[in-house]
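Please look over the structure shown here, and then follow the questions below, which go through it a few places at a time.

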Amino acid sequence: MKIIAGNWKFNKELRNLEKAINFVEALEEKISGFNNVEVKIFPHDSVLPQLAKKVEKIKIGAQDIHWEEDGSFTGAPFSAKDLISMGVKEVLIGHSETRAYFGVTDEKVSLKLKAALNDGIIPTICIGEDIEEKERGETEGVLRRQIEKGILPALAIYREQFSENSSLQNEVKSKSSFMLAYEPLYAIAGFAKLRGLEPKSAQIGDIKPAIGIIRKTFSENGYPEIKILYGGSSNPENARELLSHPCIDGLLLGTASWNFGSFFEMIKVAEEISLI
Ligand code: PEP
């Protein structure tokens, strides 16, 4: 089963509650007969609780969380417990835009991840290198650093905490308790535009080895089966090619998820490919 996840970021139209609800309700209807694709939407916090109440098939997640439940943290996003009380069970952690614009470091990724796992929220953890790092041949080092500093310690603590409970341990090891998104920064449309470049997906020749490094690092650390999405300028034109590679479990979309037609088109492609 392939996954199509839409990150609505700070899109103004989709922060309009009526428009956001119409989008989600219409999509629920269009995908009601689809059984082979998992659809997720990460809306802005401004419409998150209302959308969470409207869905049956679509999974709604937050774009970020704060690691503490309470205190003097002006401007913090919702806590994991807030999400639970709203019925939201998914979250993006470490998206490159939160890293670039809001100071989310590997250490903070780790804290957020612990908070999410403690409350049973499924995190999609975003990692990826930028173009200069890629050109200097540092892709492997960057990915390993992000995994080793930001992700593995949090997973290990969670596993330890529940060391008495083998079913919980298995849950953390299993495919469904967390997923990764490989999102090379140079392919993310928003960053490309800021640099005056045409948004362009990464080449499959670069995506495959990067995903290979991620799988190997997790496997070496006792997580042999993880789901990995690709993100970065995916669109209806390149979705089929990207999704047909078995190493890619799904796509995390930014821009292409803001348009109902293109989002649905890509969900349809994922449904078809999953059936093959
Ligand atoms: C993203 O920001 O997660 C993303 C994949 O963006 P875009 O599809 O717009 O490149």
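**The ligand and selected residues**

Q: How many residues surround the ligand in this predicted model?
A: This is a predicted model, and the residues closest to its ligand are Lys 9, His 95, Glu 183, Ala 189 and Thr 255. Counting these together with the others around the ligand, the number of residues that surround it is 14.

Q: What percentage of the ligand's own accessible area does the protein cover?
A: Oxygen atoms of the ligand lie 2.8 Å from a polar side-chain atom of Glu 183, 2.8 Å from a backbone N or O atom of Gly 254, and 2.4 Å from a polar side-chain atom of Thr 255. On its own the ligand has 290 Å² of accessible area, and the share of this that the protein covers is 100%.

Q: In which pocket does the ligand sit?
A: Glu 183 and Thr 255 are among the residues closest to the ligand, and a polar side-chain atom of Thr 255 lies 2.4 Å from one of the ligand's oxygen atoms. The place where the ligand sits is the second largest pocket.

Q: Is Lys 9 buried or exposed?
A: Lys 9, which is one of the residues closest to the ligand, has its place in the loop between strand S1 (2-7) and H1. Its relative accessibility is 13%, and because buried means under 20%, Lys 9 counts as buried.

Q: What separates the C-alpha atoms of Tyr 186 and Asp 130?
A: Tyr 186 is found in the loop between strand S6 (179-182) and helix H9 (189-194), and with a relative accessibility of 16% it counts as buried. Leaving out residues up to four places away in sequence, Tyr 186 touches several residues, including Glu 129, Asp 130 and Ile 131. Although Tyr 186 and Asp 130 are 56 residues apart along the chain, the separation of their C-alpha atoms is 5.4 Å.

Q: Which residues is Lys 30 in contact with, leaving aside its neighbours within four places in sequence?
A: Lys 30 is found in helix H1 (residues 17-30), and its relative accessible area of 43% makes Lys 30 partly exposed. The C-alpha atom of Lys 30 is separated by 9.7 Å from that of Lys 268, 238 residues apart along the chain. Leaving aside the neighbours within four places in sequence, the residues in contact with Lys 30 are Phe 260 and Phe 264.

Q: Is Lys 40 buried or exposed?
A: Lys 40 is found in strand S2 (residues 37-42), where its contacts beyond four places in sequence include Ile 3, Ile 58, Met 179 and Phe 263. Its relative accessibility is 1%, and because the cut-off for buried is under 20%, Lys 40 counts as buried.

Q: How far apart in space are Asn 16 and Leu 242, C-alpha to C-alpha?
A: Asn 16 lies in the loop between S1 and H1, and at 33% relative accessibility it counts as partly exposed. Asn 16 and Leu 242 are 226 residues apart in sequence, and their distance in space, C-alpha to C-alpha, is 31 Å.

Terms used: Residues are numbered from 1 along each chain as its sequence is written. This is a predicted model: local features need pLDDT of at least 70, side-chain atom pairs count only at pLDDT 80 or more; totals for chains, interfaces and linings use all residues. Side-chain values use heavy atoms; hydrogens and water are left out. Helices (H or I, at least four residues) and strands (E, at least two) are DSSP runs, numbered from the N terminus. Buried means under 20% relative accessible area, exposed over 50%, partly exposed in between (1.4 Å probe, protein chains only). Contact means heavy atoms within 4.5 Å. A residue is near a molecule or strand if one of its heavy atoms lies within 4 Å of it. A polar contact is a pair of N or O atoms within 3.5 Å; within protein, one must be able to donate a hydrogen and the other to accept it, and residues adjacent in sequence count only if both atoms are side-chain atoms. Accessible areas come from the Shrake-Rupley method with a 1.4 Å probe; for residues, only the protein chains shown count as cover. On a 1 Å grid over the protein atoms alone, a cavity is a set of points where a 1.4 Å probe fits but cannot get out, and a pocket is an open set with protein on both sides within 12 Å along at least five of seven lines; lining residues have an atom within 4 Å of a point. A molecule sits in a cavity or pocket if more than half of its atoms lie within 2 Å of its grid points.
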